[in-house]
Amino acid sequence: MGYIEPAPIKDKENPFESMMSRFNVAAQALGLEDEIYNVLKSPYKQVIVSLPVTMDDGSIRVFEGYRVIHSNILGPSKGGVRFDMGVNLDEVKALAAWMTWKCAVVDIPYGGAKGGIKCNPREMSAGEIERLTRTYTQTLIEIFGPDRDIPAPDMGTGPREMAWMMDEYSKSQGMTVNAVVTGKPLVLGGSLGRTEATGRGVMIAALSAMEKRKINPFNAKCAIQGFGNVGSWAAKLLNERGVKVVAISDISGAYFNDNGIDINEAIAYRDANKNSLEGYKGAEKIPGDELLFLDVDVLIPAAMEDVITKDNAGKIKAKLIVEGANGPTSAKADAILKENDVWAVPDILANAGGVTVSYFEWVQNRLGYKWTRERVNRRSDRIMKTSFNHVYEVSQQYDVSLRIAAYIVAIDKVSNTYKYRGGF
Ligand SMILES: NC(=O)C1=CN([C@@H]2O[C@H](COP(=O)(O)OP(=O)(O)OC[C@H]3O[C@@H](n4cnc5c(N)ncnc54)[C@H](OP(=O)(O)O)[C@@H]3O)[C@@H](O)[C@H]2O)C=CC1
Ligand SMILES: O=C(O)CCC(=O)C(=O)O
């Protein structure tokens, strides 16, 4: 009985409904036909699997796993796999739909998918995680494929899990198929630049938005929630470009230093401290939630969904929110942010650097050729800048927020492609 789940968090907005309410506004602005509206709002495939795994003590535990393919209109579906106790079908459905819109916003030829396993990897040994990852891959072997559905890392997963997935899939095909997942270790065909790609894209989106809002990076203060892959890379890269990062956080709490945190020191501390900032002395420890309400120019939520809600959006002092995480702002908070003239660079634009470099990884695997880091960064920076400028122009043209503009760009692209393909 050691595996009783925590009680669900009450009053959380349903992430799929949150996604749909933005989709509806954008669909209306575009005058989307009912027939296409119905196709785009419905996930194409939703799979729930039971995954029996032998634990280290010899017991067998059954985990619940998911893979949702929201759309394959633009191409094979693409999206990460999350290992977390909060994983549930509505969350995975929302995350899969966001992948469809994200790939469309940055104009890469993928549909959207997402997967996850309800588990707590922090309480599992490497062997248990490996068996779970391999069982998940094996159970969904018919779904995955380099031309069908291509997983990648998300919260709680990384290159290690992608290596196991690639190996398990390859064994089932009797040959090495490295293009079946992205975010792999370099030796298995991973791309230079993928590890930092999402944080790098967040940095480009933040600097592009700061320019439009006339915030000088060299005078700007920034707070970042979440110090995992996305948050720590965004912190490091923004800091290198002059932005003072005054607050960071992880599950252990938030850490504030108005003179600026030494990000390289914080990363080294985390890496030497079982991946946790607990006990970090380079800043004052403050309650985790207070980070959101600090007097900063830029706020980067880079941890999880639904942290900026109708109940706390009014307390945000930042002029700019750049969404490193997927779905950090609930739909009901949008109006409050608009009223207070807080701009939000939405997830489907701001964190698209990750999937962009995943696309480059897949292209390199298929070419059997490796690009230099410089080429990867140059091309992904260009895509992020071009996409930001496009979304900004659409927001001016339709007089809507950057979020609704990004949905307009995405829905327009997917619906036009659908019309050309027809017959779905
Ligand atoms: N990795 C990628 O390429 C992409 C990720 N994303 C999104 O970015 C977000 C973060 O993903 P990623 O960085 O990969 O995940 P990681 O697992 O690497 O990091 C998550 C971070 O969030 C922290 N965190 C979790 N809960 C809280 C909390 N309640 N308060 C403060 N911090 C918290 C974790 O702390 P601790 O370690 O202590 O648990 C950790 O620092 C997710 O929404 C993901 O979907 C989006 C696009 C691509
Ligand atoms: O890199 C990828 O393919 C997907 C990353 C992801 O899951 C995301 O952007 O949310």
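1. First, the ground rules. This is a predicted model, in which local features need pLDDT of at least 70, side-chain atom pairs count only at pLDDT 80 or more, and totals for chains, interfaces and linings use all residues. Residues are numbered from 1 along each chain as its sequence is written, chains are lettered from A and ligands numbered from 1 in the order in which they are written, and side-chain values use heavy atoms, with hydrogens and water left out.

2. Let's start with ligand 2. Its shell holds 14 residues, the closest being K78, G80, K102, K114 and S358 (a residue belongs if one of its heavy atoms lies within 4 Å). That shell divides into three nonpolar, six polar and five charged residues (Ala, Val, Leu, Ile, Met, Phe, Trp, Tyr, Cys and Pro count as nonpolar, Asp, Glu, Lys and Arg as charged, and the others, Gly among them, as polar).

3. Now its polar contacts (pairs of N or O atoms within 3.5 Å). A polar side-chain atom of K102 lies 2.6 Å from an oxygen atom of ligand 2, and K114 likewise places a polar side-chain atom 2.6 Å from a ligand oxygen. G80 contributes a polar backbone atom, 2.9 Å from an oxygen of ligand 2. The protein covers 95% of the 290 Å² of accessible area that ligand 2 has on its own (Shrake-Rupley method, 1.4 Å probe).

4. On to ligand 1, which 25 residues surround; R82, R122, D154, T198 and N326 are the closest.

5. Which elements supply at least two residues each to the shell around ligand 1? They are α6 (194–212), α7 (229–240) and β7 (244–250) (DSSP runs, with helices H or I of at least four residues and strands E of at least two, numbered from the N terminus).

6. Helix α1 (residues 15–30) gives the most to its lining, with three residues.

Technical notes:
A polar contact is a pair of N or O atoms within 3.5 Å; within protein, one must be able to donate a hydrogen and the other to accept it, and residues adjacent in sequence count only if both atoms are side-chain atoms.
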